[in-house]
Amino acid sequence: MDLEVLHEIKKYASSEGADANYIRRNILPGLFHNFWIRSMALNPYSYKQLVETTFELAKMVGAGDIVGRIVDGLKDESEPYRKMVMETIGKVVADLGASDIDATLEQNLIDGVLYAFVEQTSNDDDDVMLNGFCAVVKSLGRRMKPYMRVICGIIKWRLNNRSAKARKQAVDVISRIAVVFKHCEEEQLMRHLAIVLYRCLREEKENSEVLASTLGALKAISNVTDMTTRVIRNLTSTI
């Protein structure tokens, strides 16, 4: 029954006659009260349908309205629920942008995605947390400048993690948001990360996946900075 209701809501939201004000007044309150609960995140079918339905509604009412209603879930004690929230927010902001997210919601959103990203413990092979985290950072763009040093610290911390997956995820973050570091005029931070990554190369010789991601992150940094071959050679000689 839950899946049928969600399917019908999604169907209405994607129809030509859908009205944004009607959705705000008559659909969103009930949807978030009855469906955005922890148990929905434990069933893969209801999880998927809820994410897709909420994403379709966001296209009608805007990113800010949807993100504002679920952002607190990024700090929920249930990791599956945090994952469902992160995936939804990531899809919404990647598609709709963050222009209607105000300063207060922006801060709550960044605090939430940082918490959800750092506190993840699941060994799932998917990259939901990584994708959502990077989508938020890229959508906010230059608005991320006050938070880039914090992100740099988180990346360095995860590079020292005993889990190869956590280390790979850290370097993948660099690859995906290097352009945001550039837009925020944080070239010094990128140079610092480049040095850290070069020092990681020797340590990752036995792990081809992490090694490949590390090389990709270095390439991403070099693509958005003026680091020349000579500079790279000098960095290498210091390791």
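This note comments on the cysteines and salt bridges of a predicted model.

1. A disulfide is a covalent bond between the sulfur atoms of two cysteines. In this model the count of disulfides comes to zero. The sulfur of Cys 184 has its closest cysteine sulfur in Cys 152, and because the two are 13 Å apart, they are too far for a bond. For Cys 200 the closest cysteine sulfur is again in Cys 152, here at 12 Å, which is likewise too far for a bond.

2. The salt bridges number 11, and one of them joins Asp 172 to Lys 168, with 2.9 Å from N to O. Asp 172 is buried at 16% relative accessible area, whereas Lys 168 is partly exposed at 24%.

3. In helix H5 (residues 63-70), Asp 65 and Arg 69 are four residues apart, about one turn of the helix, and they form a salt bridge whose closest N and O atoms are 3.1 Å apart. Asp 65 is partly exposed at 23% relative accessible area, as is Arg 69 at 37%.

4. Helix H11 (residues 187-203) holds Arg 191 and Glu 187, four residues and about one helical turn apart; their salt bridge has its closest N and O atoms 3.3 Å apart. Glu 187 counts as partly exposed at 23% relative accessibility, and Arg 191 is partly exposed at 31%.

5. Elsewhere, salt bridges with shared partners link Arg 24, Asp 65 and Arg 69 into one network.

Definitions and conventions
Residues are numbered from 1 along each chain as its sequence is written. This is a predicted model: local features need pLDDT of at least 70, side-chain atom pairs count only at pLDDT 80 or more; totals for chains, interfaces and linings use all residues. Side-chain values use heavy atoms; hydrogens and water are left out. A disulfide is a pair of cysteine sulfur atoms within 2.5 Å. A salt bridge is a side-chain nitrogen of Lys or Arg within 4 Å of a carboxyl oxygen of Asp or Glu. Helices (H or I, at least four residues) and strands (E, at least two) are DSSP runs, numbered from the N terminus. Buried means under 20% relative accessible area, exposed over 50%, partly exposed in between (1.4 Å probe, protein chains only).
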